[in-house]
Amino acid sequence: MNKMEKALHELSEMDALAAQDSPIHRLSPLSKLIATVVYIVVTVSFNKYQLSGLAVMVLIPVFLFQVSGIPVRTCFYKLRIVLPLVMAVGLFNPLFDRAPMFYVGSVAVSGGVVSMLSLMLKGVFCLMMSFLLIATTPIDSLCAALRRLHVPSMLVTLLLLTYRYVGVMTEELAIMTDAYHLRAPGQKGIHISAWGSFLGQVLLRSMDRAQELYSSMLLRGYEGEFRYAKTSPFGAVDAAYALGISALCLLLRYVNLAETLGRLLVR
């Protein structure tokens, strides 16, 4: 199995995760979308030096992962390529903000280190909540929820086609990679002399598949906007979930739970 086939397999695994059954999976996509947006907005709004209050926000996605039956390690494995980029945010903060904020024993911790850790945690927490949304909601249902929020149809259609076409293009790349390795056995990767023709073939095959897909869409009655999958009605449970997660996010935003528990333990 080459790298392209592995990537295609991981895409199919995401669809399998979204097709599972759990209390989170059964919720309306609209309620999950609202809760995710609120969580991300609240998490990003933390002050860059408010590290103790921000760290508590991890409890929400971890709890929801447990309820949905999706291991947290699956999230980090699927996002293993994106996480290093997120963790790199703020790496230079310690160089610009060297004023000490507090001491751990005799070691001074500068404001740059605190802000760097804060930026990293914000990125990781937002990725966890976004992954939970994708892993518990089929892409068609998610696009339908976006349209219910009056997101422009062009953007929603672009999102859906991009998600769908990534799998098609990955499949084409897997076929071409296998064909190349059959003609060059024992060679690691694709030789630089074949890059131009290889990319040209990818472009031509992509154009052919895109035309086939568009023709299929027209035959199925496509008129500029998809008939997205029917979503479950927004009921009382869905409203309670969206309001509950939003209220909990606001509570953790304005009440520093870590400091409050620390004072109680000291007493």
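Start at the largest cavity: its lining splits into five nonpolar residues, two polar and one charged. (Nonpolar is Ala, Val, Leu, Ile, Met, Phe, Trp, Tyr, Cys and Pro; charged is Asp, Glu, Lys and Arg; polar is the others, Gly among them.) What you have open is a predicted model, where local features need pLDDT of at least 70, side-chain atom pairs count only at pLDDT 80 or more, and totals for linings use all residues. Numbering runs from 1 along each chain, and hydrogens and water are left out of side-chain values.

Select Ile 24, Lys 32, Thr 36, Met 129, Leu 132, Leu 133, Thr 136 and Tyr 241, and you have the lining of that cavity. Helix 2 and helix 8 (111–136) are the elements giving two or more residues to it, and helix 8 provides the largest share, four residues. The space inside is about 40 Å³. Searching the whole structure turns up one cavity of 30 Å³ or more. (A cavity is a set of points on a 1 Å grid over the protein atoms alone where a 1.4 Å probe fits but cannot get out; lining residues have an atom within 4 Å of a point.)

Next, show helix 2 (residues 29–44) with helix 12 (residues 236–254): their axes come within 8 Å and cross at roughly 5 degrees. That makes the two helices roughly parallel (angles under 35 degrees).

From helix 2, Ser 31, Lys 32, Ile 34, Ala 35, Val 38, Tyr 39 and Val 42 meet Asp 238, Tyr 241, Ala 242, Ile 245, Ser 246, Cys 249, Leu 250 and Arg 253 of helix 12. (Contact is heavy atoms within 4.5 Å.) By class, this contact has ten nonpolar, two polar and three charged residues.

How values were computed: Axes fitted to C-alpha atoms, helices over the stretch in contact; angles between N-to-C directions. Parallel < 35°, antiparallel > 145°, perpendicular 65-115°, else oblique. 1 Å grid on protein atoms, 1.4 Å probe; cavity = no way out; pocket = protein on both sides within 12 Å on 5 of 7 lines; lining within 4 Å. Points joined across faces, edges and corners; volume = space filled by probe spheres on them.
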